Amino acid sequence: MRPFTYERPTDAAGAVALLDDAGPAARYLGGGTNLVDLMKLGVESPDVLVDVTRLPHDGIEELGGGGLRIGAAVRNSDLAASRLVRDAYPVLSHAVLAGASGQLRNMATVGGNLLQRTRCAYFTDVTKACNKREGGRDPNRCPAREGHHRNHAILGHSEACVATHPSDMAVALTALGATVHVEGRDGARAIPMPGLHRLLGDEPQRDTGLRRGELVTAVELPALEIARRSAYRKVRERASFAFALVSVAAVLDVQDGVVRDCRIALGAVAHVPWRAERAEEALRGAPATEESFAAAADVELAEARPLRENAYKVPLARNTLIRTLAVLAEGGPR
């Protein structure tokens, strides 16, 4: 790693000002579980690190009209263990516990988890070409397309990049319809999920819609009584410390055997946490049966464009979604 300057502001406005003054080669530092790794690999080489972990954004509080406000500096382990989260939004607690090891969860923050970069092996290897790392849309600068892409995208990808977003937490927050609060040069604004993360467009190097210098300060969960019946299911190659092959975050409201409402998001299938809106629309008003769940999964995955090595993800996502919804329809887990 090359030398860098370390700054520790005392408030969000100070953090934003420091990043603005430092220019484009500055980065916010949360738990560092992703950024520091990228610095060691040479993918990131910031001149200035602005440590935001000591800002007053480390609490979880109930909102007056229902819902929760979760500070961006809350550690992942504290989020998963929170009784408020476990009781009202079990899908979020499940997702956080499914991500990384206990030691990493003790370090990682909510804001940093949302903004982590892809784990594509070509992105993290600076000896290889990569549109996401270098910018541009040249298909010849995406070695994953013809190389190793077993765990890459089947939805929403392009010739320029086929990487997937790695966060488990973000999949649950997308299903719940969370709102991300940020502070920037132009003041505060709120960004809905989905909406924080972006598909590739003309700038595959940009993972989110954040403006230069904007700092995530909190995540707000809506008052959502039906979220008490929710779950996160992650399929991976080994039981610990592995990124998802496919994951499903689901909220299901069933009355008299009919799906009254549902919220579904898929992970590890796209460049963003993928809100399964087609599946949701197909399920509302349908019988809460495996046949209905299968039909909804088929509708959602009809647009899948698997690559040479990852066609297995289509049936895997289908079966994982069916099983997750079936378990919720039977009354569990909570």
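Ala100 sits in the loop between helix H5 (90-97) and helix H6 (102-107), where helices (H or I, at least four residues) and strands (E, at least two) are DSSP runs numbered from the N terminus. Its phi is positive, about 60°, although Ala100 is not a glycine. At 30% relative accessibility, Ala100 counts as partly exposed; buried means under 20% relative accessible area, exposed over 50%, and partly exposed in between (1.4 Å probe, protein chains only).

Some housekeeping before the rest. This is a predicted model, with local features needing pLDDT of at least 70 and side-chain atom pairs counting only at pLDDT 80 or more, while totals for chains, interfaces and linings use all residues. Residues are numbered from 1 along each chain as its sequence is written, and side-chain values use heavy atoms, with hydrogens and water left out.

- Asp256 is not a glycine either, yet its phi is positive at about 55°.
- You'll find Asp256 in the loop between E10 and E11, and at 81% relative accessibility it counts as exposed.
- The Met193 to Pro194 peptide bond is cis, with omega near 0°, and Pro194 lies in the loop between strand E7 (187-192) and E8.

**The open sheet**
- Four strands line up as E9-E10-E11-E12 in an open sheet with antiparallel pairing; two strands pair if DSSP finds at least two bridges between them.
- At the edges are strand E9 (230-235) and strand E12 (274-275), each pairing on one side only.
- Strand E11 (residues 258-267) and E12 share two bridges in the antiparallel sense, and Ala265 stands opposite Arg275 in E12.
- Helix H11 (residues 290-301) packs on this sheet and touches E10, E11 and E12, its direction making about 40° with that of E11. Contact means heavy atoms within 4.5 Å, and the axes are lines fitted to C-alpha atoms, for helices over the stretch in contact, with angles running from 0 to 180 degrees between N-to-C directions.
- Helix H9 (residues 169-176) lies across E9, strand E10 (246-255), E11 and E12, at about 150° to E11.

**Val235 in E9**
- Val235 belongs to strand E9 and counts as partly exposed at 23% relative accessibility.
- Leaving aside neighbours within four places in sequence, Val235 is in contact with Ala244, Leu245, Val246, Leu316 and Thr320.
- Ala98 is 137 residues from Val235 in sequence, and their C-alpha atoms are 9.8 Å apart in space.

**The parallel pair and its crossover**
- Strand E2 (residues 26-29) and strand E3 (residues 48-51) run parallel and are joined by four bridges, with Tyr28 opposite Val50 in E3.
- Between them the chain passes through helix H2 (residues 35-41), making a right-handed β-α-β crossover; right-handed means that, with the strands pointing away from the viewer, the path from the first strand over the helix to the second runs clockwise.
- Asn34 has its place in the loop between E2 and H2 and, at 12% relative accessibility, counts as buried.
- Not counting residues up to four places away in sequence, Asn34 touches Gln116, Arg117 and Arg119.

**Helix H1**
- Ala12, Ala15, Val16 and Leu19 are buried in helix H1 (residues 12-22).
- Down the axis of H1, the buried residues fall within an arc of 95°, so they line one face of the helix; the arc is that of the directions from the helix axis to the C-beta atoms.
- On the face turned away from that buried side are the exposed residues Ala13 and Asp21.
- Cover for the buried residues of H1 includes E2, E3, strand E6 (179-184) and strand E8 (215-221).
- H1 is followed by Gly23, with a positive phi near 90°.
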